[in-house]
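Please keep the structure open as you read.

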Amino acid sequence: MSPSPDRPPGLDSPLTARIIKYGARANTALFKLTNGRVGGRWRVMAGWRKPAPVLLLEHIGRKSGSTFTTPLLFMTSGDDLVVVGSQGGLPKDPQWVANLRAHPDVAVRLPRRGRRLVRARVADPAERAALWPRLLETYADFETYQTWTDREIPVVVLSPRT
């Protein structure tokens, strides 16, 4: 079940942001509790027919210095992991994108594979263009989210740190 191409009327409401926030917290707790057996696949909208893999991104707040954990859909590209700052098509990039720009050395937790240290970078335009079709194969609704916002949704590459 894909969303309609029409932008939902309540997408920009504070309630939508709150639902995303608390849904992410619940997903994170279940993922940690079960090592990704629960919460390690996204089965909503396009993910209903083709569940998308989920990782936990552990990042540092650019202003607070606090550690945050955010569940994100991902795909692999060689040794790299690739995530998308879609935030469901909301008008602003998610906080974690700005946090990664300020503090690119982060960690991820993968379902049943444990924790890895990675370095984040936003894909340049050519790399984004090459990755975007593959990301749509992972989760088709990224394209719908792109139509719901005027910003270019950032694609972030997470490369292993040595």
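Which residues do ring pairs link into a cluster? They are W132, Y139, F142, Y145 and W148. Before going further, note that this is a predicted model, where local features need pLDDT of at least 70, side-chain atom pairs count only at pLDDT 80 or more, and totals for chains, interfaces and linings use all residues. Residues are numbered from 1 along each chain as its sequence is written, and side-chain values use heavy atoms, with hydrogens and water left out.

**Aromatic pairs**

Searching the whole structure gives four aromatic pairs. Rings of Phe, Tyr and Trp (its six-membered ring) pair if their centres lie within 6.5 Å; planes under 30 degrees apart count as stacked, over 60 as edge-to-face and the rest as tilted. Two of the pairs are tabulated here.

| Pair | Centre to centre | Between planes | Type |
|---|---|---|---|
| W132 and F142 | 6.4 Å | 40° | tilted |
| Y145 and W148 | 5.6 Å | 45° | tilted |

W132 lies in helix α3 (residues 125-138) and F142 in helix α4 (residues 141-147), ten residues apart. Helices here are DSSP runs (H or I, at least four residues), and strands are runs of E (at least two), numbered from the N terminus.

W132 and F142 are both buried, as are Y145 and W148. Buried means under 20% relative accessible area, exposed over 50%, and partly exposed in between (1.4 Å probe, protein chains only).

**A strand residue**

T76 belongs to strand β3 (residues 67-77). T76 counts as partly exposed because its relative accessibility is 41%.
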